[in-house]
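Here is a friendly walk through one model, stop by stop. Have a look at the sequence and structure below, and then we'll get going.

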Amino acid sequence: MSEHTNNPAVEGHLGHEVHESHAVHHGHDDHAHHGHDDHGHHHKETFITKYIFSQDHKMIAKQFLITGMFMGLVGMMLSIFFRLQLGWPGQSMPILETFLGKWAPDGVLDPNFYLAAVTIHGTILVFMVLTAGLSGTFSNLLIPLQLGARDMASPFLNMLSYWFFFLSSLLMMVSLFVETGPASAGWTIYPPLSALPEASPGSGLGMTLWLFSIIAFIVSVLMGGLNYITTVMNLRTKGMSMTRMPLTVWAFLITATLGLLSFPVLLGAGLLLLFDRSMGTSFYLSDIYVSGQALEQTGGSPVLYQHLFWFLGHPEVYIILLPSLGITSEVLAVNARKPIFGYRAMIGSMLAIAFLSFIVWGHHMYVTGMDPLLGSVFTFTTLLIAIPSAIKAFNYITTLWKGNIVFTPAMLFAIGVVSLFITGGLTGIILADSALDVNLHHTYFVVAHFHIVMGVASMFGTFAGVYHWFPKMFGRMMNKKLGYLHFWVTLISAYGVFFPMHYMGLAGVPRRYYQNFEFFSGFSDLNMVISIFAIVGGLVQLVFVFNFFYSIFKGPKAPQNPWNSSTLEWTTPVKHLHGNWPGEIPTVHRWPYDYSLPNGEERDFIPQDEPLSEKEKQAEPAH
Amino acid sequence: MLLNLILLAVVLLAIITSARLLMVFQFAAELRGKKAHEISESENNMNALLTLLSLVGLFSMFFYLTAVYYNEKYIPGAASEHGVEVDSLLNLNFYVITLAFFITQILLMWFAYKYRYNKNRRATHYAHNNKLEMIWTVIPAIVMAVLVLKGLIVWNHTTNPDPDKNTLNLELYARQFDWTARYSGKDNALGKASYTMINEGNILGLISSDAIQEQLSIVRGDSLVTDSTVTLGFLPAEKLDQEKTRLRRLIHQIRTVAEFEYQFKSGTESYAASHDDVLVRDTIVLPVNRPVKLHMRAQDVIHSAYLPHFRVHMYCVPGSETYFAFKPITTTKEMKQKLNDPEFEYRLYCNNICGATHFNMMLPVRVVSEKEYAAWLAAKKTFDDETKTRLAKMGLKTNFANNH
Ligand code: HEM
Ligand SMILES: [Cu+2]
Ligand SMILES: [Cu+2]
């Protein structure tokens with residue numbers, strides 16, 4: 001071993017000499033005469049059409065990413081504000097007053113603003129960051145590039161999708177500055193609390209803005225989703241059959257389908273809530289006495305809202321997770337230099353998860369007074385989801401087995417996704433059990449579960465994607481040392497924040513409590529430790545942000561195929577073109593995971609667009 | 001202000017310095033002829049090792065936290081009959097998931113470490129194995145089947161306890177931001193209630209002949225005042241709208257209450273079950289070993305009655321009633337001894353976000369012997385007593401409707 005210590009062995013492996021011959025193979029000179037099917041990159045572009053109202057999927061991807069990052073930073077700030085209160089309850093923190101003014105008189109967070117912070121944090125992270133920021137970025141970037149398409153099916157709709165997302169984010173930001181404060185009924189905004197301005201200041205103008213923001217968001221998701229699905233269905237290049245698509249694209253396809261089927265239900269739920277708020281209807285209201293008056297509304301049901309909300313809400317958690325799992329599949333395979341294990345099983349389990357995710361929503365509602373029989377049914381369907389989830393986890397692990405693993409920052413984050421997916425998925429098994437959920441519902445146990453399995457895991461997936469495809473997005477490389485620092489500190493602080501929360505939840509500490517130490521004094525130390533991890537974890541994200549923006553401008557130039565990956569996006573020129581390929585679109589001859597074939601060749605991957613060799617043709621007569 | 005400026009300056013300085021440093025490093029690397037994205041073997045090994053070490057970190061955290069927090073002190077054993085079953089189910093689930101947690105995390109991190117890059121080795125092209133995949137489909141399926149079955153049995157016991165004539169009917173009533181418990185009194189029946197009957201004295205909106213009379217007098221008075229403010233028309237437009245809404249609501253309210261009056265006078269309803277109900281707003285007292293059926297209602301928004309020690313939890317939803325039945329089996333005194341904590345109290349929490357001081361919506365619960373319970377309850381005033389006192393203060397006669 002020692003003789004290799006000065007020998008940068010990995011370099012030879014990662015060098016792009018091998019690829020260069022391949023790149024030349026597709027260089028445009030080669031295909032210049034195939035001008036017939038190129039389009040779009042001739043007309044003049046102004047600053048506005050190129051950077052702002054761009055219809056190029058790659059630019060739109062970057063717009064989604066950067067907007068998502070900005071919203072992510074806002075969401076993270078909010079979480080640090082409320083973690084300060086939870087870690088050191090009632091202690092005066094001048095920094096809070098600096099940032100929040102009247103919401104933190106004398107440096108102590110106001111209880112109403114605490115709830116608002118929790119609410120907006122959840123909303124931003126779930127919708128703006130992990131739905132739009134994640135799906136929006138990578139579906140846009142990768143679907144056309146990995147399928148061999150010039151752009152999305154409808155670039156115009158695609159542009160609108162971004163601008164509705166932008167509007168949505170803008171409205172959410174504006175709501176932070178209204179006099180009565182932003183929405184503060186939790187990210188699930190259950191009525192009647194969210195319907196009655198009398199019941200909470202956050203249910204005034206702040207809630208109206210929240211609802212309009214989410215409506216704009218839904219419009220964005222639907223336009224984006226339609227586009228992604230149409231593109232995958234229709235614009236695959238020659239030879240790119242469905243079973244030759246990289247798992248990333250499968251994940252984006254299934255995610256978009258989930259969104260298309262579930263977000264309209266949230267739109268309905270939100271509209272009915274708007275009616276109840278301003279037109280005197282009673283969809284969700286009945287028999288309410290508030291601020292000294294008995295309302296006229298009768299006959300509505302607050303629980304109806306929860307059914308509608310979670311009919312979206314549960315698929316939504318998979319809308320958040322699946323793209324991350326797709327990215328993980330790709331990054332693990334590339335960096336383990338192995339095919340993903342059980343490609344078809346991976347697709348099958350994603351489809352199973354997607355289907356099941358529509359019939360489990362009731363597991364969020366075991367204690368709403370629903371019929372116990374219905375509770376049993378939801379327990380059954382929910383525990384079924386554990387099976388495809390387990391398959392995925394085992395397949396990831398087997399993908400590493402006998403690999404030749406290169407620890408890029410993206411790879412580390414992808415391994416992190418698997419670890420977190422397992423840790424958080426396992427506690428789902430407990431919550432799925434209605435008999436056990438009774439005592440854990442709305443406790444920190446649930447907070448731990450979903451942050452680990454959804455929040456942090458998907459965040460890790462996003463990071464993996466950014467580190468991996470940064471060269472494709474910006475033509476430069478990110479700094480890997482900062483990447484390592486970012487990964488390790490984030491991993492430690494993520495587990496440090498959320499793992500202890502299981503124990504608080506088991507002891508019955510309710511979530512969304514402004515302070516809980518009076519009744520649960522035993523946990524005040526733990527709360528402090530959690531808050532410290534949260535702050536450290538928050539700060540280290542600044543390293544990422546710095547690395548990101550620094551590398552856009554000053555990072556070293558990216559080679560053609562920095563990770564020696566076999567998928568099509570690496571056959572496009574480093575410098576972006578409208579239309580992606582200067583010449584003809586490549587034809588696909590094989591699946592995306594031909595890594596380390598035992599074919600006696602020195603290179604350990606074969607690009608998807610390389611025709612089968614004679615030997616391969618003989619081995620696989622079926623093709 | 002100065003502090004903020006300094007802070008800002010420090011942050012800017014830090015950014016500029018890091019940017020400079022990065023440029024230097026990059027330049028140096030290029031001089032040594034390295035590609036910036038390439039990962040040296042030592043770097044790769046280092047990260048592989050850290051991955052393995054993170055396993056140690058993860059498990060140490062698990063063992064430490066479990067040793068310190070997963071015990072009687074923090075999570076006292078269930079104090080209710082079904083809770084004991086729930087706890088053993090929870091334990092079974094924990095054994096299963098802890099085992100899975102260890103196996104999978106070890107495999108994951110160990111493989112990551114073991115198969116770190118080595119230029120003399122080639123990865124094994126291993127794309128699938130149907131038998132293997134079948135195994136890890138079938139095993140989780142079997143485990144899940146067992147867990148579902150066990151879970152459903154416990155769920156069934158929890159939600160369908162054996163009927164018991166002796167069951168105590170108790171209402172938990174939630175509003176922003178406090179709880180009221182209503183004992184059903186000698187008849188063990190909770191009297192009817194309506195949100196239109198709510199006033200300052202009658203928080204739960206219970207219906208009785210006296211309460212109807214009281215409410216009619218209050219609401220009619222209010223509507224007269226509101227009506228005249230509206231008709232006089234001195235109010236600014238916005239206020240006027242508010243008052244009009246208020247008037248509409250009051251009229252709706254008067255109609256409903258008048259209907260109760262009619263029901264009562266015509267003899268259709270006696271509204272007598274509420275008379276002996278007892279309202280408690282400081283501590284809930286429960287007799288040990290007697291089943292309790294909780295009836296839950298809410299006044300304004302959704303609240304949730306959470307009694308973690310009894311493994312009891314149910315939303316309180318405006319407009320409908322929800323239920324949860326359980327049997328306390330450990331008295332507060334026994335629990336104090338068991339935990340060696342003289343301060344110990346069972347508690348009822350609100351566990352559904354309900355507004356500003358949601359976190360403070362709590363009531364102590366005391367479980368005592370049947371005898372202590374009876375004595376405690378006997379000393380309490382009934383709803384009827386309370387209403388009569390208020391009526392007298394208002395100068396109204398009681399029992400106005402003895403005429404049928
Ligand atoms: C083995 C698979 C899983 C099972 C059986 C499961 C089960 C559950 C159950 C029963 C709850 C409701 C707990 C309660 O509120 O009392 C829950 C909450 C939640 N789960 Fe999962 N889960 C699983 C995986 C996931 C995944 C993969 C995600 C996201 C990617 C996720 C995200 C969430 C979220 C966001 C909540 C809480 C929402 C809230 O109350 O604010 N879960 N899970
Ligand atoms: Cu769910
Ligand atoms: Cu409450």
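## Two metals, side by side

In this predicted model, the iron atom of ligand 1 and the copper ion (ligand 2) are separated by 4.7 Å. Donors here are N, O and S atoms within 2.8 Å of the metal (3.2 Å for Na, K and Ca); water is not among the atoms, so sites may look incomplete. His449(A) sits in helix H16 (residues 444-474) of chain A. Helices are DSSP runs of H or I with at least four residues, strands are runs of E with at least two, and both are numbered from the N terminus.

And which residues hold the copper ion (ligand 2)? Its protein donors are His314(A) through ND1, plus His363(A) and His364(A), each through NE2, at 1.9 to 2.1 Å. Along the sequence, these donor residues follow the spacing H-x48-H-H. His314(A) belongs to helix H11 (residues 302-336) of chain A, while His364(A) is in the loop between helix H12 (343-356) and helix H13 (372-400) of chain A, so the pair ties together parts that are 50 residues apart in sequence.

Some side chains put an N or O atom close to an oxygen atom of ligand 1: for Asp437(A) the distance is 2.5 Å, for Trp187(A) it is 2.9 Å, and for Arg511(A) it is 3.0 Å.

## A tucked-in serine

Now for Ser54(A), in the loop between helix H4 (47-52) and helix H5 (57-87) of chain A. Is it buried or exposed? Ser54(A) counts as buried, because its relative accessibility is 2%.

The side chain of Ser54(A) reaches the backbone nitrogen of Asp56(A) at 3.0 Å. Setting aside neighbours within four places in sequence, Ser54(A) has contacts (heavy atoms within 4.5 Å) with Ile48(A), Thr49(A), Met59(A), Ile60(A) and Met159(A).

Over in chain B, helix H7 (residues 332-339) has three buried residues: Thr332(B), Met335(B) and Leu339(B). They share the same side of H7(B) because they cover an arc of only 60 degrees around the axis, taken from the directions from the helix axis to the C-beta atoms. Lys333(B) and Gln337(B), on the other side of H7(B), are exposed.

What do the buried residues of H7(B) pack against? They pack against strand E9 (346-350) and strand E10 (362-368) of chain B. Just after H7(B), Asn340(B) has a positive phi of about 55 degrees.

## How confident is the model?

The predictor's confidence in each residue is its pLDDT, from 0 to 100. Chain A averages 90, with 92% of the residues scoring at least 70. Among the elements of chain A, helix H14 (residues 409-432) has the highest mean pLDDT (97) and helix H2 (residues 17-25) the lowest (37). Residues 1-41 of chain A have a pLDDT below 50, and beyond near neighbours in sequence this stretch has 68 contacts in the model.

## Reading notes

Residues are numbered from 1 along each chain as its sequence is written, chains are lettered from A and ligands numbered from 1 in the order in which they are written. Local features need pLDDT of at least 70, side-chain atom pairs count only at pLDDT 80 or more, totals for chains, interfaces and linings use all residues, and side-chain values use heavy atoms, leaving out hydrogens and water.

Note on methods: Buried means under 20% relative accessible area, exposed over 50%, partly exposed in between (1.4 Å probe, protein chains only). A polar contact is a pair of N or O atoms within 3.5 Å; within protein, one must be able to donate a hydrogen and the other to accept it, and residues adjacent in sequence count only if both atoms are side-chain atoms.
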